[in-house]
Amino acid sequence: MATGRTHRPATRSRGIPEATVARLPLYLRALTALSERSVPTVSSEELAAAAGVNSAKLRKDFSYLGSYGTRGVGYDVEYLVYQISRELGLTQDWPVVIVGIGNLGAALANYGGFASRGFRVAALIDADPAMAGKPVAGMPVQHSDDLEKIIQDNGVSIGVIATPAGAAQAVCDRLVAAGVTSILNFAPTVLSVPEGVDVRKVDLSIELQILAFHEQRKAGEEAASNDGALPAAAARSDSADQGPDGDMPAVMPA
């Protein structure tokens with residue numbers, strides 16, 4: 001069976017923009033749902049809506065794959081699933097190690113979607129001796145002392161870091177030194193990696209903070225809208241308080 005060490009996706013060599021690469025999993029998820037419902041074809045408008053993008057952007061993205069659909073018919077769902085899966089490198093087996101089997105690491109280990117999307121959890125690794133041998137998601141946790149051997153034995157090129165922030169960089173360095181060239185980082189810290197190593201960061205607290213910003217903005221807009229709905233008498237009273245030179249700006253320039 002092919003492993004991730006000797007096979008790399010062709011996206012870079014084919015010049016597909018990173019923004020397009022980032023949207024391919026969205027299309028694949030929507031297409032997979034259509035395939036599971038035995039839908040044979042889909043229009044660009046329908047697929048774009050399901051993926052949360054506009055149809056013009058979808059057609060542009062698919063042009064990089066050499067897929068243009070058929071006028072009046074749309075795109076063949078099964079062929080697109082294969083085409084995007086191949087482009088993302090998901091038609092082969094990608095062994096993955098998860099380092100840090102706390103609450104988050106254990107939740108990731110128990111996630112059932114890895115196997116159906118081309119990924120195989122090859123090993124669970126933790127620095128706590130008390131965790132060694134403990135079964136999580138049907139696999140025994142292995143001690144971090146054996147990290148390098150585990151990576152070599154399983155041909156791993158993708159590592160997932162779910163450790164506390166203070167341990168993440170040291171774990172990252174060991175993964176890279178052992179041959180891992182792609183890292184998914186859940187630790188709340190920025191990792192430093194050499195050229196040729198790809199890092200994707202997932203920070204739930206940052207995502208929540210962004211949502212908090214939008215909630216605050218919506219609340220502010222609602223308050224401003226309510227404040228602006230002044231009764232006519234109040235509006236006339238404000239006007240009467242203005243000086244002879246006319247309107248005063250709400251905020252004076254500095």
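Helix 7 (residues 147–154) has three buried residues to look for: Leu147, Ile150 and Ile151. Buried here means under 20% relative accessible area, exposed means over 50%, and partly exposed lies in between, using a 1.4 Å probe and protein chains only. Because these residues cover an arc of only 95° around the axis, they sit on the same side of helix 7; the arc is taken from the directions from the helix axis to the C-beta atoms. An α-helix has 3.6 residues a turn, so residues three or four places apart point the same way. Turn to the other side of helix 7 and you will find Lys149 and Asp153 exposed.

This is a predicted model, in which local features need pLDDT of at least 70 and side-chain atom pairs count only at pLDDT 80 or more, while totals for chains, interfaces and linings use all residues. Residues are numbered from 1 along each chain as its sequence is written, and side-chain values use heavy atoms, with hydrogens and water left out.

What covers the buried residues of helix 7? The cover includes strand 3 (94–99), strand 4 (119–126), strand 6 (139–143) and helix 8. Helices (H or I, at least four residues) and strands (E, at least two) are DSSP runs numbered from the N terminus.

Two helix pairs are set out below. Axes are lines fitted to C-alpha atoms, for helices over the stretch in contact, and angles run from 0 to 180 degrees between N-to-C directions.

| Helix pair | Axes | Angle |
|---|---|---|
| Helix 7 and helix 8 (165–178) | within 9 Å | roughly 40° |
| Helix 1 (18–36) and helix 3 (55–64) | 11 Å apart | about 105° |

Angles under 35 degrees count as roughly parallel, over 145 as roughly antiparallel, 65 to 115 as roughly perpendicular and the rest as oblique. Helix 7 is therefore oblique to helix 8. In their contact (heavy atoms within 4.5 Å), helix 7 brings Leu147, Glu148, Ile151 and Gln152, and helix 8 brings Arg174, Leu175 and Ala178.

Helix 1 is roughly perpendicular to helix 3. Here Thr20, Arg23 and Tyr27 of helix 1 meet Lys57, Leu58, Asp61, Phe62 and Tyr64 of helix 3.

Zooming out, the protein has 10 helices and 9 strands. Of its 254 residues, 35% are buried. Among contacts between residues at least 6 apart in sequence, 58% join residues at least 24 apart.
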